[in-house]
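Subject: Handover of a structure and its description

Dear colleague,

Please find the structure below, followed by an account of what was found in it. I would be grateful if you would read the account with the structure open beside you.

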Amino acid sequence: MTFQLASYGAVFSTRPLGAKLRDQALSERHNGDVLTISFAGVQSVSYSFADEFLGPIMVEGKANLSDVPEQLQGIILGALERRGMTVDESEIFGVCA
């Protein structure tokens with residue numbers, strides 16, 4: 001199952017929005033489905049949004065990321081590393097826009 005983040009806009013900020021979209025993405029996933037989050041068409045995300053949206057999902061290994069624009073990769077890496085995750089960029093950003 002692919003969650004198209006750009007379906008909800010192109011610019012993302014705030015923790016409340018991150019939590020809302022995280023819950024939305026997880027609710028659309030069916031049992032056993034691999035959740036892929038596509039960043040195609042996303043122009044920007046804030047650190048707080050990335051932390052709240054991706055942090056809980058990625059810490060539990062519940063999703064793959066795809067089409068992450070290069071300008072967003074550092075923000076996402078920072079958010080995940082602050083949660084104590086050791087991230088291999090070639091694995092997490094294997095399919096980029």
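A contact, as the word is used in this message, means heavy atoms within 4.5 Å. This is a predicted model, in which local features need pLDDT of at least 70 and side-chain atom pairs count only at pLDDT 80 or more, while totals for chains, interfaces and linings use all residues. Residues are numbered from 1 along each chain as its sequence is written, and side-chain values use heavy atoms, with hydrogens and water left out.

The overall fold

The chain contains four helices and five strands. Helices (H or I, at least four residues) and strands (E, at least two) are DSSP runs, numbered from the N terminus. Along the sequence, their pattern is β-β-α-β-β-α-β-α-α. The radius of gyration, taken over C-alpha atoms, is compared here with a globule rule of 2.2 Å times the number of residues to the power 0.38. For this chain the radius is 12 Å, close to the 13 Å that the rule gives for 97 residues, so the chain is as compact as a globular protein of that length. Its C-alpha atoms fill a box of roughly 30 × 25 × 25 Å along the principal axes. Of the contacts between residues at least 6 apart in sequence, 77% join residues at least 24 apart.

The sheet

Two strands are said to pair if DSSP finds at least two bridges between them. Strands of a sheet pair through backbone hydrogen bonds, either parallel or antiparallel. In this model three strands form an open sheet in the order β1-β3-β5, with parallel pairing. β1 (2-4) and β5 stand at the edges with a single partner strand each, so one side of each has no neighbour in the sheet. Axes are lines fitted to C-alpha atoms (for helices, over the stretch in contact), and angles run from 0 to 180 degrees between N-to-C directions. On average, neighbouring strands of the sheet are turned by 25 degrees against each other, direction ignored. β1 and β3 are joined by three bridges, and Gln4 has Ser38 in β3 as its bridge partner. Helix α2 lies across β1, β3 and β5 and runs at about 130 degrees to β5.

Thr36 belongs to strand β3. Is Thr36 buried or exposed? Buried means under 20% relative accessible area, exposed means over 50%, and partly exposed lies in between (1.4 Å probe, protein chains only). With a relative accessibility of 19%, Thr36 counts as buried. Leaving aside residues up to four places away in sequence, Thr36 touches Met1, Thr2, Phe3, Asn64 and Ser66.

The core

Buried residues account for 41% of the 97 residues in the chain. A nonpolar core is a set of buried Ala, Val, Leu, Ile, Met, Phe, Trp, Tyr and Cys residues joined through side-chain atoms within 4.5 Å. The largest such core has 28 residues, among which Ile37, Phe39, Phe53 and Leu65 touch the most other members. At least two residues of this core come from each of α1 (15-28), β3 (35-38), α2 (47-59), β5 (63-66) and α3 (70-82). Phe53 has contacts that include Leu5, Leu21, Ala25, Ile37 and Phe39, again not counting residues up to four places away in sequence.

Aromatic rings

Rings of Phe, Tyr and Trp (its six-membered ring) pair if their centres lie within 6.5 Å; planes under 30 degrees apart count as stacked, over 60 as edge-to-face and the rest as tilted. By this rule there are four aromatic pairs. In one of them, the rings of Phe3 and Tyr8 have centres 5.2 Å apart and planes at 15 degrees, so the pair is stacked. Phe3 is buried, at 1% relative accessible area, whereas Tyr8 is partly exposed at 39%. Phe3, Tyr8, Phe12, Phe49 and Phe53 form one aromatic cluster.

Loops

Most residues other than glycine have a negative phi, and most peptide bonds are trans. Thr14, which is not a glycine, has a positive phi of about 80 degrees. Thr14 lies in the loop between β2 (11-12) and α1 and is partly exposed, at 37%. Asp67, also not a glycine, has a positive phi of about 55 degrees. Asp67 lies in the loop between β5 and α3 and is partly exposed, at 23%.

Yours sincerely
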